[in-house]
Amino acid sequence: MINMRLLLLGVASVAVLTACEDTRSLTTAPGGGLGFGVSLAKPAASNVPRGIIRFPVAGRLASANPANDSIVVTLTTPDTLGAGAQYVVWATNDSATRFVRLTGDLVVTRTNTTQNQAGDLVFRTTSTTRNGVNGFGVGGSNVTLRFRAFRAGQAGLANTDSIGAIIVSTETGTVGAAPSAVRSIWGRFSEASASQTAIRFGTFAPRTADQFVYSTTAVPVITPRGRVELREGVLVAIDSNYFRPPRGYFYAMFAVKVDSLSGRPLDTLYLGERTGPAPQRASLFNADADAALTTNNVIVAMNQRVKLDTLPAQKLGPAERPLKEYGFVNVVLQNKAAPLNRMGAGIIMQAALPPSIRGR
Amino acid sequence: MKRYALIMAALALGAGVAGAQVSPKRFAVVTRLGVMTPERAASQDMAGLIGLDAEYALNKYFGIGTALDIGRGNNRREDFVQRLRFGNPAVAGGDTIFYQFLGQPVNTLNLALMGTARIPGKVSPYAMAGVGTYVLIMDAQANGSTRTLSGASFSVGGGVNFQFSEKYGMQLDARATQLQGFKRERLDPSDGRFPNVWFPEDIPAPPAAKNTALNTAFTLGFRYVPGAGN
């Protein structure tokens, strides 16, 4: 029995010594992998639709010579719309109860940037004119549109009719006698100075107290903030404080592939519509119309998770560096009638991806 | 006749076993060695366990005593993910984030007053129940200070005692001890300062925390009755 005692004592001693060994306190392990992140920043110009609306000099009513009363809409960087969709320009009275679809001439001015042999940037502008236009779908980040219509000859617009506002609606079906609910661009005569006013971009309402103005310039009036992070093939963007999208718009996220030498954009990668906080990550696609998704016209928080291996493989880099050559992640205000996977011009926030993600 | 013979044989065998096994009004000391497996929500790994029971036999069926269990294991480090950020995310180059599983050794002490009930014999099954107190002692080096967690505990269990002689025996023992007032967050040396809010799907979170923790222990014990015969 003494041997048994010694045996048990030995076993217990080994157990105690093992339990008290010095290195046991070093139990931390880098098991969760490595991530890389960068902040989202607000670009100096966000390129949301902007421009000027000129009313006839004579005012709301026709002058003595209505053929000279012109209405001009100058619109910069609207999104290019998809098949079957179009922008339509309307004249309406103050209370927005009567509408006249305007027909006029459209000048499309496109500015392309190229490099000459010396490597300097060269801006090349081309313009095309289309006559008798009552709807158009052209747009883009390098496009300015000038739509001009004369008061005389517009069907349904009598000389005695008052023009209180000009509305540019987005139509996705057969155009009726009134614009669709997507009335995102407008100008009111009552807000005009010297017969012209800056475009209001937002959600139109007959009463100014009810309308929602997203921006009157290229830049939204509030500044979101947030960051993106990439870890083991999963990209996550957590950001906050976005204005509710104008009716007919939503927030989307794109990655932009750039030439690593010249910085010239080569391709875009659609990362999906923005989503709400985790873990639900509810879609914010309808935040333009669903008041439950916003608080006081603000999307308080977004959280988007993108598993990169679910995206088109031909657009991605190697598995260990899927966003190789991608220089930016953009949060874009996108027209719902535009092709979903085609990045619009309205870049609200942008993250310049670090070399640890893009490769160099 | 056959039935009678069997009954007599059984009684004779039982009397012999009973006489050899139990030492009423005496103390028995059991040293135990084994493992302790906390329930998943407790976020602790399986741990080694040393136990010491001191039992006073009121009679050959019942006893009272104390039980001390000392477990030395680690917290389940993958339940305590730390997001450690280096660099400045607002400048070119961004930042680098390490996702660390933060572990630490945890000592578990449980002291209980217990009662036992047994069926006498050379192979003697028994059951026990106890009430007491526990303390979890965290690693001072990992926490930067002393840190403990304590509360009441309740134990139930049972096992089998194999009697070699009146004095010596071995026992297999299984016990479940429920720790009351358990606070899992106390096992996190960082106090939740660096949570993983970015990749919850990729680094799964542990099950929901509970305010109790159930530890199940399996031990092999050496039983010794001082002052008994051989």
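The model is predicted, so local features need pLDDT of at least 70 and side-chain atom pairs count only at pLDDT 80 or more, whereas totals for chains, interfaces and linings use all residues. Residues are numbered from 1 along each chain as its sequence is written, and chains are lettered from A and ligands numbered from 1 in the order in which they are written.

**Overall form of chain A**

- The secondary structure of chain A comprises two helices and 20 strands, where helices (H or I, at least four residues) and strands (E, at least two) are DSSP runs numbered from the N terminus.
- Along the principal axes, the C-alpha atoms of chain A fill a box of roughly 125 × 55 × 35 Å.
- Of the 360 residues in chain A, 40% are buried, a residue being buried if 20 or more other C-beta atoms lie within 10 Å of its own, exposed if 12 or fewer, and partly exposed in between, with C-beta atoms placed from the backbone.
- Among the contacts in chain A with a separation of 6 or more, 68% are between residues 24 or more positions apart, a contact meaning that the C-beta atoms of two residues, placed from the backbone, lie within 7 Å.

**Domains and cores**

- Chain A is assigned domain 1 (35-45 + 220-358) and domain 2 (50-215), with bounds that come from an automatic or database domain assignment.
- The centres of these two domains of chain A, taken over C-alpha atoms, are 29 Å apart, and 16 residues of domain 1 are in contact with 20 residues of domain 2.
- The side of domain 1 of chain A that touches domain 2 has nine nonpolar, five polar and two charged residues, where Ala, Val, Leu, Ile, Met, Phe, Trp, Tyr, Cys and Pro count as nonpolar, Asp, Glu, Lys and Arg as charged, and the others, Gly among them, as polar.
- The largest nonpolar core has 81 residues, and Ile166(A) and Phe254(A) have the most contacts inside it; such a core is a set of buried Ala, Val, Leu, Ile, Met, Phe, Trp, Tyr and Cys residues joined through C-beta atoms within 7 Å.
- Strand 16 (residues 249-258) of chain A gives the largest share of this core, eight residues, and the core lies between domain 1 and domain 2 of chain A because both give residues to it.
- Not counting residues up to four places away in sequence, Phe254(A) touches Thr268(A), Leu269(A), Tyr270(A), Leu271(A), Asn330(A), Val332(A) and Met343(A).

**Strand 10 of chain A and its partners**

- In strand 10 (residues 185-188) of chain A, Ile185(A) and Gly187(A) point one way and Trp186(A) and Arg188(A) the other, and all are buried.
- Strand 9 (residues 165-171) of chain A runs antiparallel to strand 10, joined by four bridges, and Ile166(A) stands opposite Gly187(A).
- Strand 10 also pairs with strand 12 (residues 200-203) of chain A in the antiparallel sense over two bridges, where pairing requires that DSSP finds at least two bridges between the strands; here Ile185(A) stands opposite Phe201(A).

**Contact between the chains**

- In the contact between the chains, 36 residues of chain B meet 35 residues of chain A.
- On the side of chain B that touches chain A, strand 5 gives the largest share, seven residues, and the residues of that side divide into 19 nonpolar, ten polar and seven charged.
- Strand 1 (residues 34-40) of chain A and strand 5 of chain B run antiparallel and are joined by four bridges, with Phe98(B) as the bridge partner of Leu34(A).

**Backbone sites**

- The peptide bond from Ala278(A) to Pro279(A) is cis, with omega near 0°, and Pro279(A) lies in the loop between strand 17 (265-273) and strand 18 (298-307) of chain A.
- Thr77(A), although not a glycine, has a positive phi of about 55°; this residue sits in the loop between strand 3 (70-76) and strand 4 (86-92) of chain A, and Thr77(A) is buried, with 22 other C-beta atoms within 10 Å.
- Ser43(B) likewise has a positive phi, near 55°, in the loop between strand 1 (27-38) and strand 2 (47-57) of chain B, and Ser43(B) is buried, with 23 other C-beta atoms within 10 Å.
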